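Have the viewer open as you read, and follow along from heading to heading.

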Amino acid sequence: MNRVFGKKKPEVPPVNVSDVGDKIDTRVTDLDKKIEKLDEDVRKYREQMKKTRGPASNAIKQRAIQTLKRKKMFEAQRDKLQAQSFNIEQAAFAIDTSRDTISTVAAMKSAVVQLGVETKKINMSELEDAQDDMADLMEDMNEIQELMGRSYGIGDEIDEDELEAELEGLEEEWAEEEAVGEKAEQAPSYLAAPAQQHGLPAAPSGILDSGRTTRATDEFGLPVASYST
């Protein structure tokens, strides 16, 4: 069979874009390190050229030129790899976006099916009847509230000027009551004046006159009888 139809070639595994991008980034990092090392060598050669003269200086100069050539070559390679890395990143982003789009479309299809199943459970005629009944009930409630809020013989026949005049009269009465209350709280004048101005006797000082004799009293405050012998 293999002679007639040939041998089937082994399947090549698909290339992972992320792995390729990581490899390129690693190579770019290695080139950056090499370029940095060559920069240090060029600076070293420059310092040596300042200190030497003659053929030795020319030899150091040739080394510096060769080092610069290698640096330029590595920089060119790094720039190409960076461009490739950028393209791979764009491709990876496009792949991720495509996968997200596929997942979104699948989710939308599933949602449409589920929504159709749930919508069939709703009876539109019953829903419309319920809405109509609710509207009728709300109208009835509004009419009930209007009826309950009616006033009978109050407010329409009363003149606002009469109400203002009555309010002014009440304010005058309140002012008079406040004035009377303030006078009642003040102490009487006869209490504030000294007792001598009203002809009242002075309060006892608690000291007995020297011309009087005191009599003994018992425990109840009564005078004790004295017996002469």
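Predicted model: local features only at pLDDT ≥ 70, side-chain atom pairs only at ≥ 80, totals over all residues.

## Salt bridges

Glu-118 and Lys-121 form a salt bridge, with their closest N and O atoms 3.6 Å apart. A salt bridge here is a side-chain nitrogen of Lys or Arg within 4 Å of a carboxyl oxygen of Asp or Glu. Glu-118 counts as partly exposed at 43% relative accessibility, while Lys-121 counts as exposed at 61%. In these terms, buried means under 20% relative accessible area, exposed means over 50%, and partly exposed lies in between (1.4 Å probe, protein chains only). Elsewhere, salt bridges with shared partners join Asp-32, Arg-78 and Asp-79 into one network.

By this rule the count comes to 5 salt bridges. One of them pairs Asp-32 with Arg-78, the closest N and O atoms being 3.1 Å apart. Asp-32 lies in helix α2 (residues 17-51) and Arg-78 in helix α3, so the pair ties together parts that are 46 residues apart in sequence. Arg-78 also forms a salt bridge with Asp-79, where the closest N and O atoms are 3.9 Å apart.

Residues are numbered from 1 along each chain as its sequence is written, and side-chain values use heavy atoms, leaving out hydrogens and water.

## The chain as a whole

The protein chain has 6 helices and 0 strands. Helices (H or I, at least four residues) and strands (E, at least two) are DSSP runs, numbered from the N terminus. Of the 229 residues of the chain, 9% count as buried. The chain exposes about 21,200 Å², with carbon and sulfur atoms supplying 55% of it; accessible areas come from the Shrake-Rupley method with a 1.4 Å probe, and for residues only the protein chains shown count as cover.

Take contacts next, meaning heavy atoms within 4.5 Å. Among those between residues at least 6 apart in sequence, 62% join residues at least 24 apart.

How far does α3 span? At 1.5 Å a residue, its 66 residues should span 98 Å, and its end C-alpha atoms are 98 Å apart, which agrees. The expected span is 1.5 Å times one less than the number of residues.

The buried residues of α3 include Ser-57, Thr-67, Phe-74, Arg-78 and Ala-92, and the buried residues of this helix pack against α2. Thr-67, found in α3 (residues 55-120), has a relative accessible area of 9%. Not counting residues up to four places away in sequence, Thr-67 touches Leu-38, Asp-41, Val-42 and Tyr-45.

## The nonpolar core

Which residues make up the largest nonpolar core? They are Ile-24, Val-28, Leu-31, Ile-35, Leu-38, Phe-74, Leu-81 and Ile-88, 8 residues in all. A nonpolar core is a set of buried Ala, Val, Leu, Ile, Met, Phe, Trp, Tyr and Cys residues joined through side-chain atoms within 4.5 Å. The largest share of this core, 5 residues, comes from α2.

Leaving aside neighbours within four places in sequence, Phe-74 is in contact with Leu-31, Lys-34, Ile-35 and Leu-38.
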